[in-house]
Amino acid sequence: MNQQQRSEVTIVRQTAARFARDVLVPARHALLHHPDEALPAGLLDGLLGLGLHELGLEEEGERALLGAGLEELSRVAAAPASLVLAHVIARECLRQTGALERAPAAEGAGALLALPLYAEPGLGDEGPSLRQDGAAIVLDGIAELVVGAPLAGAAVLVARDAGDRERPALVLAPLDAPGVSVGPALLTLGMRGAPTADVRFSKARLPATARLAGATESGVVARDAARRARGPALAIAAGVVEASLRTATEYARERYQGGKQIVDHQEVRALLAGMVEDLALCAEAAELLCGDALAESRALALFARAKRRAAHATCDGVQLLGGNGYMEDYDQERCLRDAKQAQALLGRTDLAAQAATEAWLAEGAGS
Amino acid sequence: MKFDPDAFAAGAEQSFAQMYPVLAALGQHRPRMLADYERVLADARRFRREHLEPSALRVELEVRRNPEYVAEDIICAASTAGFFGTMIPKTFGGAGLSFGAMIVGLEELGAGCLGLSNLLGVHGLAIATVSATGDIEGMEKVCRLLTEGERRGRPNLLSTAITEPTAGTDVEDVDLLRKARLVCEATPVRGGYKLNGRKVFISNGSIAHTHVVIMPTDKKNPVETTFAFLVESTAPGFRVGRVERKLGQKACPAAELVFEDCFVPETARLNSKALPGRAIELVLGATRGGVGAWGAAAARGAYERALLHARTHKVSGRWLIDEQWVQIKLANMWKNVALARALYVEAMLSNELFGLSQLVSGGAMGALQQRLPRAVLESQALRKLVVSRRTREALQGQIAAMEEWEVDTASAWGSASKVAGTDLGMENCHLALEICGTAGLRHDRGIEKIYRDAKLLQIYEGTNQLNRLEVFHRGVLRATARRSGGAA
Ligand SMILES: Cc1cc2nc3c(=O)[nH]c(=O)nc-3n(C[C@H](O)[C@H](O)[C@H](O)COP(=O)(O)OP(=O)(O)OC[C@H]3O[C@@H](n4cnc5c(N)ncnc54)[C@H](O)[C@@H]3O)c2cc1C
C-alpha cells in the first residue's frame, strides 16, 4: 500500500469510527432489539452517507478501504457492516455480468441490493427453482435469510435451473415484482439490526434479462465475487474481536477477585493471550485477503481459520467477564453473537476448508 | 456411507441402558434405584416432548420483549407432573428419589430447552445448600414449600443467593473468600438479623417465594461467620432489583436481590456451623455434577438438531447426511454426548458414595425412604421423629465425620464433570451451527438458541477456570500429597 492509499484508509477509518460513535452507539438498544424495535430514523441514510456501499470489489485499493470502514463499524455493531457487504457483493455480480445499469434506480435504502450473505456462493443450496417460459423466466420457492431484503429494491440470488440439471443461475430479482414477497424481518443469532428476511417466489415471472448469467458462468461469478469479498468480510470479524478484546482488557484491569486485579491471574492472562493471538490472525488475514497476493488454497484456508478463531475469541471475551459477560450491558454477548454469525459469512467454514484442499490439489501442490 | 432411514428409525431413541451402561450394570445390584432412574427419564422425556419443546421458542420471544415474563404454564405443568418433588424425601411430601435421579431428568429436559430446565431445576441448589447445613427443620421448610405448593398446582419456588456484585469467584472458594470484597452483611440485632447489601444474577430470584441467602454476620471475617438465611420475598426491607437481559437461558430469570435493613427472625438462620469449608464444598461437589449433566444436555440438544437438519436438507443437490464431512461431525458429536454423560454419571455416583447425596439419600435416611410405605413416611409420628434436634445433631455429626478425602473426591469429580461436560456442550454447538449453515443462524429453527443457552454453563457454579483449579487442588494435589504421605 502506498502513502496515498494509506492516508485514504485512515480517512475512511476516521469517518466510519465517527459514524459508529455518533450514530451507532446511541442506537445500540434498537440495534440489539431489532426486529422487535425499529431502527432509528436516519441510521440507514447516515450509513449510506458514508459511501462505503459505493466502493467496489474489483480493485485491491477499494477493497482495503471497504475493509477498513466495515471493521470500524463492527467494533460497535456488525449489522450495518453486513448490510453494506451484501450490497457490495451483489453489485460485484452485476458488474461482472455487465448488468450494473439494471440495479434499482430508487433513492435511499431502495437503491440497496440484498443478498443471501450466509449461503455457499454459487451452490444454490435449497433456493428457488428457475424455469424458462418463452421470453420470461419463472421463479418458485424460497430464498432464505436474504440480508437487506426488507429494505432493498432488488436481490441478487442463486436459483436452481430446472431445465439444466439443477445448475445454479444467478438472478437479479426486483423485490416488488408480482409473485415476489418479502417475509417479516427475521430474528437471527447475530448482526441484529441488519434487516434480513426470506424472499418467497410464487410463480414469479421476470423478464429473461433478470437472469444474469448461464449455468457455468453463474457459479464462476458468484464464487469470484465472494472471493473478492473475503477480506472485507473478515474485517467485520476483526472489528468484532477488537471490540471484545478491548472490553475484556479494560474489565480485567478494573475487576478484583482473589485480592488482586483479575488480569494478574494467569488463567485470565491466558484468555487474553488467546484473544490477542486470534485478533492478530483475523486483522492480518483481513488485510492480506483484501489483496490478491495469496494463492487460492491459502486464501481459503486462512479465511476459514480466521473466521473460526474470531468466534472462539469472543466466547473467551464473554468468559473473561464472568456473569457480566453474559449480560447485555457489557457488549460481550453482542460480540459473541456477531462473531459467530460472521463465521457463516460467505458460507460454512468447513466447505471453505474443503474448497481450499481442492484448490491446493489443483494448484499442483507437492508435485 | 449412504444414510439408510429404515435402519436409523430402529434406533432413533436410545434406551436407558444404552444411555447409561454403568448404571444399568449397577442396577443389577440395586435394581430399585435403576427403576427409579428409568422412570424419571421416561417422565422427563414425555414432559420434554409435550411441554418444553413446543414452548421453548415462544417463551424466549416473550422474554425478549419483557424480561419479567415467566412461563407460568410450564411451571404449572411441571407441578402437575410432580417434577419439583423428585428429590424431596417422602417424609416431606416428595418422591424420595436421589439427586442422581433428578439429574438424569435434567439432562433430558435440558436437551429440549436449557432455560426451561434451569427454571424447573435450579431449586436443587437451594435444597442442596440447606441439606449441607444438616438443619433438618430448615430442610423440611424448604421442601414443603415446593411439595405443598405442587399439590395445589403451583410450587413456591426457591432461589439461592451467593454471588455479590464484587465477589463471584471469591465466594465459591474458601481460600478466596478471605480476600473477597463483600458488600453483604447480616448484622445480629434483638430477635434476629438485619440483612444489608445486594446479591446479583440470582436464578429465579425475581419469582421465588423464599431465598436461601448466604451472608456473613461479620464481613471482615467471612470464613468463620457466613451462614444461610431463609428470606421470604415478603420480608420487610427485601426487594427484587433489576431483572437481567441476558444472552440466553431467557426462560429462567436472573435477578438482583436488594436487602435494605431487611429484618429476619433468629429462626431464619439455619442452625449450623459457618458454611465456608465443609458445607459449601459438599454443595458444590454435588451441584457441579448437575451442571455437567446440563453440559451433556447441551451437547445432546445440539447433536439431535444437527442430525435432524442433516437428514432433511441438501447442499448442491446432495443430502447432507450422505456427506462424509457431516457424518464425521455427527460421529464426533455423538462421542461428545457420551463423554459428557459418562463423566457426570461418575460424578453423580461418586457423590452418592462420598458426597452430599450419601447424607440425603444414603445411610439411614435413604434406607427409611426405600423401605417404609409412603403412608408411614408421611405420618405425623415419623415426621416428629425425623424433624428433631437429634436428627439434626446426627446429620451434623455425620457431616463433620466425613473424611477429607471423601469430600475431595466428590468435589474433584463434580468439577471435572462440570468443566468437561460444558466444554463438550459448547463444542457440539459449534459443530451443529457448522452443519446447519444458514438454518443455524435463525431463531425460528431453534439451533442458535442452544449456543446462547450453553455458554452460561461455562460461567455459573464457578467459572470453568475456577473449576479447573478445583480439580487441581482436590484431584491432582491432594491425591498426590496423600500418596507421598504429605499433608494436603
Ligand atoms: C445467568 C446467571 C445465573 C446465575 N445464577 C446464580 C444463582 O442462582 N445464584 C448465585 O449465587 N449466583 C448465580 N450466578 C453467578 C455465577 O455463579 C457467577 O457469575 C460466577 O460464579 C462467576 O462470578 P463473577 O461473575 O463474579 O465473575 P468473576 O469472579 O468476576 O470472574 C471474572 C473472570 O475472572 C476469572 N477469575 C476470577 N478469579 C480467579 C482466580 N482466582 N483464578 C483464576 N481466574 C479467576 C474468572 O474465571 C472469570 O473469567 C449466575 C450467573 C449467571 C450469569
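In chain A of this predicted model, the loop between helix 2 (28-33) and helix 3 (43-49) contains A:Pro35. The peptide bond that joins A:His34 to A:Pro35 is cis, with omega at about 5°. B:Phe201 belongs to strand 3 of chain B. As background to both features, most residues other than glycine have a negative phi, and most peptide bonds are trans.

The packing of helices may be taken next. Two packed helices are described by the angle between their axes and the distance between the axes. In chain A, helix 1 (residues 3-24) and helix 4 (residues 60-76) have axes that come within 8 Å and cross at roughly 25°. Because angles under 35 degrees count as roughly parallel, helix 1 of chain A is classed as roughly parallel to helix 4 of chain A. Helix 1 of chain A passes helix 4 of chain A in a right-handed crossing.

Helix 6 (residues 99-112) and helix 13 (residues 324-354) of chain B pack with their axes 10 Å apart, at an angle of about 160°. Helix 6 and helix 13 of chain B are therefore roughly antiparallel to each other, the cut-off for this class being over 145 degrees. The crossing of helix 6 of chain B past helix 13 of chain B is right-handed. In the other pair, helix 5 (residues 72-80) and helix 7 (residues 114-121) of chain B pack at an angle of about 55°, and their axes are 11 Å apart. That angle makes helix 5 of chain B oblique to helix 7 of chain B. Helix 5 and helix 7 of chain B also form a right-handed crossing.

The ligand remains to be described. Its position is between chains A and B. Around the ligand there are 31 residues, of which A:Arg255, A:Gly323, B:Thr163, B:Thr169 and B:Thr463 come nearest. By class, the shell around the ligand consists of 13 nonpolar, 13 polar and 5 charged residues.

Several elements each supply at least two residues of this shell: helix 7 (266-290) and helix 8 (296-320) of chain A, together with strand 1 (158-161), strand 3 (192-203) and helix 22 (464-483) of chain B. Strand 3 of chain B provides the largest share, 3 residues.

In chain A, an N or O atom in the side chain of A:Arg255 is 2.6 Å from an oxygen atom of the ligand. A:Gln319 places a backbone N or O atom 2.8 Å from an oxygen atom of the ligand. From chain B, a polar side-chain atom of B:Thr163 is 2.6 Å from a nitrogen atom of the ligand. Taken alone, the ligand exposes 970 Å², and the protein buries 96% of that area.

Definitions and conventions:
Residues numbered from 1 in each chain as written. Chains lettered and ligands numbered in written order. Predicted model: local features only at pLDDT ≥ 70, side-chain atom pairs only at ≥ 80, totals over all residues. Heavy atoms only, no water. Near = heavy atom within 4 Å. Polar contact = N/O pair within 3.5 Å; in protein donor to acceptor, adjacent residues only side chain to side chain. Areas by Shrake-Rupley, 256 points an atom, 1.4 Å probe, with all protein chains shown as cover. Helix = DSSP H or I, 4+ residues; strand = E, 2+ residues; numbered from the N terminus. Nonpolar A, V, L, I, M, F, W, Y, C, P; charged D, E, K, R; others polar. Axes fitted to C-alpha atoms, helices over the stretch in contact; angles between N-to-C directions. Parallel < 35°, antiparallel > 145°, perpendicular 65-115°, else oblique. Left-handed = near helix turned anticlockwise from the far one by under 90°.
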